[in-house]
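Here is a short tour of one protein model, written for someone new to reading structures. Have the picture open while you read.

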Amino acid sequence: MNKNESHETSDGAVDHLYGLQEMSIGGVAFRVFRNGPQTMAELYQAAVQHSDNEFLIGLDWSMTYREVFGRAEALSRDLAARGVKKGDRVAIAMHNSAEWIIAFIGITACGATATLINYRASGDELARMVSD
């Protein structure tokens, strides 16, 4: 089913690809996508279908899904080669940029947790943040 398709559910409701449903997570009710990706890995895999479309657009530049996810995959492989594994924390301390998004995708693609740090912090503050 593509995003424009829909079908009737058993209760007669129309269910679109990204229709919402209520789900309890840790005892708290959330509205979540019924048919959307369930993990970050599934989300990243779904991006492949848009490979030649623009994903990031700046004032005088743009990057396609293929370019962004290709760079993120290279970063993910490099992190894994350096011993980063699922559950490890990897800090990102940079301003909003294409590189920030690539870093976030690359870190989470290898199973690590992207830990966001204020890039404007002082050296002492940064040292305390990464030593915790």
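Predicted model: local features only at pLDDT ≥ 70, side-chain atom pairs only at ≥ 80, totals over all residues.

What follows looks at confidence, then at one helix, then at the aromatic rings.

The protein has a mean pLDDT of 86, and 86% of its residues reach 70 or more. Among its elements, strand β6 (residues 62-64) comes out highest with a mean pLDDT of 97, while strand β1 (residues 6-8) comes out lowest with 51. Over residues 1-5 the pLDDT is below 50, and beyond near neighbours in sequence that stretch has 8 contacts in the model.

**A look at helix α3**

Quite a few of its residues are tucked away: Ala98, Ile102, Ala103, Ile105, Gly106, Ile107 and Thr108 are buried. What do these buried residues of α3 pack against? Their partners are the helices α1 (40-47) and α2 (65-81), plus the strands β5 (54-57), β6, β7 (89-92) and β8 (113-116). After α3 comes Gly111, which has a positive phi, near 95°.

**Aromatic rings**

The structure holds 5 aromatic pairs. A pair of rings is described by the distance of the centres and the angle of the planes. Here are two of the pairs:

| Pair | Centre to centre | Angle between planes | Type |
|---|---|---|---|
| Phe55 and Phe69 | 5.7 Å | 45° | tilted |
| Trp100 and Phe104 | 5.6 Å | 5° | stacked |

Take Phe55 and Phe69, the tilted pair. Phe55 sits in strand β5 and Phe69 in helix α2, so this pair ties together parts that are 14 residues apart in sequence. Is Phe69 buried or exposed? At 18% relative accessibility Phe69 counts as buried, whereas Phe55, at 29%, counts as partly exposed. Ring pairs also link Tyr44, Phe55, Tyr65 and Phe69 into a cluster.

Trp100 and Phe104 bring us back to helix α3: both lie in it, 4 residues apart, about one turn of the helix. With planes at 5°, the rings of Trp100 and Phe104 count as stacked. Phe104 has 25% relative accessibility, so it counts as partly exposed.

Key. Residues numbered from 1 in each chain as written. Heavy atoms only, no water. pLDDT = per-residue confidence, 0-100. Helix = DSSP H or I, 4+ residues; strand = E, 2+ residues; numbered from the N terminus. Contact = heavy atoms within 4.5 Å. Buried < 20%, exposed > 50% of the residue type's maximum accessible area, 1.4 Å probe, protein only. Phe/Tyr/Trp six-rings, centres within 6.5 Å; stacked < 30°, edge-to-face > 60°.
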